[in-house]
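Dear colleague,

Please find below the structure that I would like to hand over to you. My notes on what was found in it follow.

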Amino acid sequence: MHEQIQAYAKRLKLSWVREHYQEIQAESQEEFLLRLFEKEIEQREERKINLLLKSATLPKASGKPFDWKEVRMGADLDQETLYNGRFIENQENAIFYGGVGAGKTYLSTLIGLNVIQHQGKRVKFYTVASLVNELLDANEKGTLSKVFKKIEKLDLLILDELGYIPLHKQGAELLFQVISLCYEKRSIIITTNLQFGEWNHVFGDPILTEAVVDRLIHHSHLVLFNDDSHRLKESMAFQPM
């Protein structure tokens with residue numbers, strides 16, 4: 001009978017039941033079934049979260065709580081809303097602006113971890129350079145559509161370190177395609193050390209730069225690190241929504 005139960009559980013893809021059903025203690029058949037289903041669901045949820053965490057390729061987090069005292073946000077955003085990723089529900093973006101070492105990458109990582117673990121969101125973390133390299137490689141191999149399909153399945157795309165290196169023309173155009181693909185359909189967090197007026201140094205084309213900025217700031221939240229608001233205000237001619 002034990003082998004039969006294992007065989008049926010395998011056919012039904014009840015992996016926890018197959019290995020552990022004998023461990024269940026219950027006072028009635030109903031309670032036994034309830035605990036059995038609970039354990040199976042718990043394992044499936046845990047397995048799902050682990051797969052999401054693995055595919056997200058987030059940087060390792062130290063476990064230290066984030067220090068919010070040097071961070072400024074608009075009136076339409078607060079710490080809880082940002083950390084819990086509520087902006088994702090409305091397909092809104094978040095732009096993290098500040099100097100090197102200000103905590104932009106760490107906060108984006110914590111947000112990614114939080115929305116995966118507590119909401120089962122599909123997240124992917126890239127440095128801008130690594131994404132552009134992947135796009136260029138896929139374009140050369142004729143597999144660009146596969147990369148786009150992966151991105152289309154996401155709830156949140158995190159693009160780290162925009163501005164650290166300039167992009168070649170083709171790479172900039174492919175990155176623009178990704179941003180357009182996400183526009184009003186999925187959320188993006190971008191971390192950058194450049195004011196918007198300096199983004200042309202990255203994309204190398206004023207028209208392309210304007211198109212990128214236009215798509216990103218529409219339905220977006222601006223988050224300032226290390227109180228760089230005075231520098232940013234001098235270079236910006238728009239108010240994020």
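Overall surface and fold

The protein chain has an accessible surface of about 14,000 Å², and 51% of that surface belongs to carbon and sulfur atoms; accessible areas here come from the Shrake-Rupley method with a 1.4 Å probe, and for residues only the protein chains shown count as cover. Please bear in mind that this is a predicted model, in which local features need pLDDT of at least 70 and side-chain atom pairs count only at pLDDT 80 or more, whereas totals for chains, interfaces and linings use all residues. Residues are numbered from 1 along each chain as its sequence is written, and side-chain values use heavy atoms, with hydrogens and water left out.

The secondary structure of the protein chain amounts to 11 helices and 6 strands, where helices (H or I, at least four residues) and strands (E, at least two) are DSSP runs numbered from the N terminus. The C-alpha trace spans about 75 × 45 × 30 Å along its principal axes. The radius of gyration of the protein chain is 22 Å, whereas a compact globule of 241 residues would have one near 18 Å; the radius is taken over C-alpha atoms, and the globule rule is 2.2 Å times the number of residues to the power 0.38. Of the 241 residues, 44% are buried, with buried meaning under 20% relative accessible area, exposed over 50%, and partly exposed in between (1.4 Å probe, protein chains only). If one takes the contacts (heavy atoms within 4.5 Å) between residues at least 6 apart in sequence, 77% of them join residues at least 24 apart.

From the record, UniProt lists residues 90-224 as "domain: AAA+ ATPase" in an unreviewed entry; the positions are given in the numbering used here, the feature names are shortened, and such annotations may be inferred rather than shown by experiment.

A buried strand residue

I158 is placed in strand β4 (residues 156-162), and this residue counts as buried because its relative accessible area is 0%. Leaving aside residues up to four places away in sequence, I158 touches L58, S108, G112, V123, K124, F125, Y126 and I189. As for K48, this residue and I158 are 110 residues apart in sequence, and their C-alpha atoms are 20 Å apart in space.

A nonpolar surface patch

On the surface, L33, F37 and I41 together form a nonpolar patch with about 300 Å² of accessible area. Patches are made of residues with over 30% relative accessible area and no salt bridge, like charges being joined within 9 Å and nonpolar side chains (Val, Leu, Ile, Met, Phe, Trp, Tyr) within 5 Å. L33 belongs to helix α3 (residues 29-56), and it counts as partly exposed because its relative accessibility is 41%.

Salt bridges

How many salt bridges does a search of the whole structure find? The search returns 9 of them, a salt bridge being a side-chain nitrogen of Lys or Arg within 4 Å of a carboxyl oxygen of Asp or Glu. One of the pairs is E134 with K150, whose closest N and O atoms are 3.4 Å apart. E134 lies in helix α6 (residues 128-141) and K150 in helix α7 (residues 144-152), so this pair ties together parts that are 16 residues apart in sequence. Both side chains belong to partly exposed residues, E134 with a relative accessible area of 26% and K150 with 47%.

R86 and E80 form another salt bridge, with 2.8 Å between the closest N and O atoms; R86 is partly exposed at 41% relative accessibility, and E80 is partly exposed at 46%. D67 and K69 also meet in a salt bridge, at 4.0 Å from N to O. Here D67 is partly exposed at 45% relative accessibility, while K69 is exposed at 69%.

Backbone angles to check

Most residues other than glycine have a negative phi. T57, which is not a glycine, has a positive phi near 50°; this residue is found in the loop between α3 and β1 (71-73) and is partly exposed at 40% relative accessibility. Q91, also not a glycine, has a positive phi of about 55°; Q91 sits in the loop between α4 (79-83) and β2 (93-97), and its relative accessibility of 30% makes it partly exposed.

With kind regards
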